[in-house]
Amino acid sequence: MERPEPGRCVTLEPGLRRVLAPNPSPMTHWGTNSYILGEGEVALIDPGPDHAAHREALLAALAPGERITTIFVTHAHRDHSPLARPLATLTGAEILAFGTAVAGRSPLMSAFAGELGGGEGVDDGFVPDRCLGDGERIAGPGWEIEAIHTPGHFGNHLCLAWGDRCFSGDHVMGWATSLVSPPDGDMGAYLSSLDRLGARPWRIFHPGHGAPVTRPADRIAWLAAHRREREASILRELSAEAAHLSALTARVYRDTPPALHPQASRNLLAHLLDLWHRGLVVATPGPSPEAVFAIAGPLAEGVVARSDRGPSF
């Protein structure tokens, strides 16, 4: 797929348009995909950053007489949610999301939030007009959306089902893996959410960044296997030698460009916290970015088998 032009409205299929925000970066690829769903009284999915040119492009993408009545936000990162409130003020649309930036955070992440740092790119001030529960359905003229709570990349992350199509936010993308950075991200929750998505017969995913994912089942299976292989490599490294997070990042992500090591380190911390929670590693003096991590003991055959089944973080 050729790189789309920021601000240009593209019809992806009947009833679905995409407008690319002008915020490219190593973490956002070409930029944020904003989706316009339906005709007449339309829904907007992931309005994106509070950027004047993007706001005007979204309004210009509406046909004469159309208006935005509903704004869905997949999660409260600054590349997805900040434009929601200005657009709602202009259009009168209702903002729907799972909750605020801390909604859906797991008990494990909540317990260690003060020690973990993090909070990269979080839209701390985000507040929806209405919170969507898992499985809740919202309908408009010619469209219906089902909210699927998929924590992992972010605690308040929603995937949005439209029939056999899914707006997958940052949970499943084709161009890269998702960054999972504690305490907003949780690796155990990410894998559970992948399993949940994988249980449904999707036709296509429309992600928050990059091109549509045309083989969702294959992509989900690859992402799960990639995470399990990453977990296995961490356990192998720690079996050889205990390490601080920084040293372990250099060893586990030796093929990742050094410029991305800060993000890789956060992702590695998410893996380590999940392994600690499952009793497979120990952290001295306790789980934190400054801890020394070590293997908890001899790896059982079952643990190794589980790990082996399943820029990349």
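**Close-ups of a predicted model**

**View 1. Strand 13 meets strand 15.** Strand 13 and strand 15 (residues 292–295) pair up in the antiparallel sense, with two bridges between them. Zoom in on alanine 243 and you'll find its bridge partner in strand 15, phenylalanine 293. Keep in mind for this view and the others that the model is predicted.

**View 2. The whole sheet, with helix 5 packed on it.** Step back and the sheet turns out to be an open one of three strands, in the order 13-15-14, with antiparallel pairing. Strand 13 (243–244) and strand 14 (281–284) are the edge strands, each pairing on one side only. Helix 5 packs on this sheet and touches strand 13, strand 14 and strand 15. The direction of helix 5 makes about 95° with that of strand 15.

**View 3. Helix 5 crosses helix 7.** Here the axes of helix 5 (residues 216–240) and helix 7 (residues 261–277) come within 11 Å, crossing at roughly 75°. That angle falls in the 65 to 115 degree range, so helix 5 counts as roughly perpendicular to helix 7. On the helix 5 side, the contact uses Arg227, Arg230, Glu231, Ile234, Leu235 and Leu238. Helix 7 brings Asn267, Leu268, His271, Leu272, Asp274 and Leu275. Sorted by class, the residues of this contact come out as six nonpolar, two polar and four charged.

**View 4. Inside the largest cavity.** The largest cavity has a volume of about 40 Å³. Its lining includes Gly104, Arg105, Ser106 and Met109, along with Pro151, Gly152 and Gly155. Pro183, Asp184, Gly185, Asp186 and Ala189 also line the largest cavity. By class, that lining has four nonpolar, five polar and three charged residues.

Conventions
Residues numbered from 1 in each chain as written. Predicted model: local features only at pLDDT ≥ 70, side-chain atom pairs only at ≥ 80, totals over all residues. Heavy atoms only, no water. Axes fitted to C-alpha atoms, helices over the stretch in contact; angles between N-to-C directions. Helix = DSSP H or I, 4+ residues; strand = E, 2+ residues; numbered from the N terminus. Parallel < 35°, antiparallel > 145°, perpendicular 65-115°, else oblique. Contact = heavy atoms within 4.5 Å. Nonpolar A, V, L, I, M, F, W, Y, C, P; charged D, E, K, R; others polar. Pairing = 2+ DSSP bridges. 1 Å grid on protein atoms, 1.4 Å probe; cavity = no way out; pocket = protein on both sides within 12 Å on 5 of 7 lines; lining within 4 Å. Points joined across faces, edges and corners; volume = space filled by probe spheres on them.
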